[in-house]
Amino acid sequence: TDLVPDSSEPVLDVLAASALAPGLDGIVAYQFDPYSSIVLPLATVVGDALAANGPDVLSTSVGFCEATQMPGELSIAEWLLAVGAAGGLTTVASAGDTGSSACAPTDESESVLYPATSAYATAVGGTTVAAGSTGGQQQVVWNADGNAGGGAQTSTLPRPWYQASVPGPSNRIV
């Protein structure tokens, strides 16, 4: 669908994807209301991905405060992402811009962003290249203007098998 002209983040995402992968056959951008349920947009994307010549990567910079999601909707969204993964869809999701408070500004407590918390998604956080202590460069967690890369240990989703050796609670860690 068409991108909203004043919506700069989706435009930047499309520009970055096309610059990083110049051999792409195309980019399909989906615009939806981030204050609505995630189920219908995911159903659309997964349905398109499973169709002949459908997309094989879903990259989303929009996320939902996991704590505010209805358990039934979260279960359906997880099922959709599992179906997509089984069909070859790779999902990459932003961990957020509010540090460990994904429900901010309405709730500043520790929380996480969905679908980054899904076992069927690769959570991606922002980093900044900074001068290292030994004179070289290093990547550090992005933290600017009161915003920071997301992540926390508060997910209600179970810990996936690939995090079994990570110390901490028994739920998904982002």
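Leaving aside its neighbours within four places in sequence, which residues is tyrosine 114 in contact with? Let's start there. With contact meaning heavy atoms within 4.5 Å, tyrosine 114 is in contact with Ile38, Gly63, Phe64, Glu66, Leu74, Ala77, Glu78, Leu81 and Leu157.

Before going on, a word about the model. This is a predicted model, where local features need pLDDT of at least 70 and side-chain atom pairs count only at pLDDT 80 or more, while totals for chains, interfaces and linings use all residues. Residues are numbered from 1 along each chain as its sequence is written, and side-chain values use heavy atoms, leaving out hydrogens and water.

Now the overall picture. The protein has three helices and nine strands; helices (H or I, at least four residues) and strands (E, at least two) are DSSP runs, numbered from the N terminus. From the N terminus on, the order is α-α-β-β-α-β-β-β-β-β-β-β. The C-alpha atoms fill a box of roughly 50 × 35 × 35 Å along the principal axes. For 174 residues, a compact globule would have a radius of gyration near 16 Å, and the protein has 17 Å, which agrees. That radius is taken over C-alpha atoms, and the globule rule is 2.2 Å times the number of residues to the power 0.38. Buried residues make up 32% of the 174 residues, where buried means under 20% relative accessible area, with a 1.4 Å probe and protein chains only.

Next, please find helix α3, residues 71–86. Its 16 residues should span 22 Å at 1.5 Å a residue, and its end C-alpha atoms are 22 Å apart, which agrees. The expected span is 1.5 Å times one less than the number of residues. Buried in α3 are Leu74, Ala77, Glu78, Leu80, Leu81, Ala82 and Gly84, and the buried residues of this helix pack against α2 (39–50), β3 (90–94) and β4 (113–114). After α3 comes glycine 88, with a positive phi near 100°.

In soluble globular proteins, nonpolar side chains tend to be buried together. Here, the largest nonpolar core has 15 residues, and those with the most contacts inside it are Ile38, Leu42, Leu58, Ala77, Leu80, Leu89 and Tyr114. The elements giving two or more residues to this core are α2 and α3, and its largest share, five residues, comes from α2. A nonpolar core is a set of buried Ala, Val, Leu, Ile, Met, Phe, Trp, Tyr and Cys residues joined through side-chain atoms within 4.5 Å.

On to the strands. An open sheet of three strands runs in the order β1-β3-β5, with parallel pairing; two strands pair if DSSP finds at least two bridges between them. Each of β1 (57–60) and β5 (121–124) stands at an edge with a single partner strand, so one side of each is left without a neighbour in the sheet. Between β1 and β3 there are four bridges, and valine 57 has threonine 90 in β3 as its bridge partner.

Elsewhere, strand β6 (residues 127–131) runs antiparallel to β7, joined by five bridges. Threonine 127 has valine 141 in β7 as its bridge partner. Is β7 well covered or hardly covered? Hardly: among the five residues of β7 (residues 137–141), the count of buried residues is zero.

One last stop: serine 101, in the loop between β3 and β4. Serine 101 counts as buried, at 10% relative accessibility.

Terms used: Buried means under 20% relative accessible area, exposed over 50%, partly exposed in between (1.4 Å probe, protein chains only).
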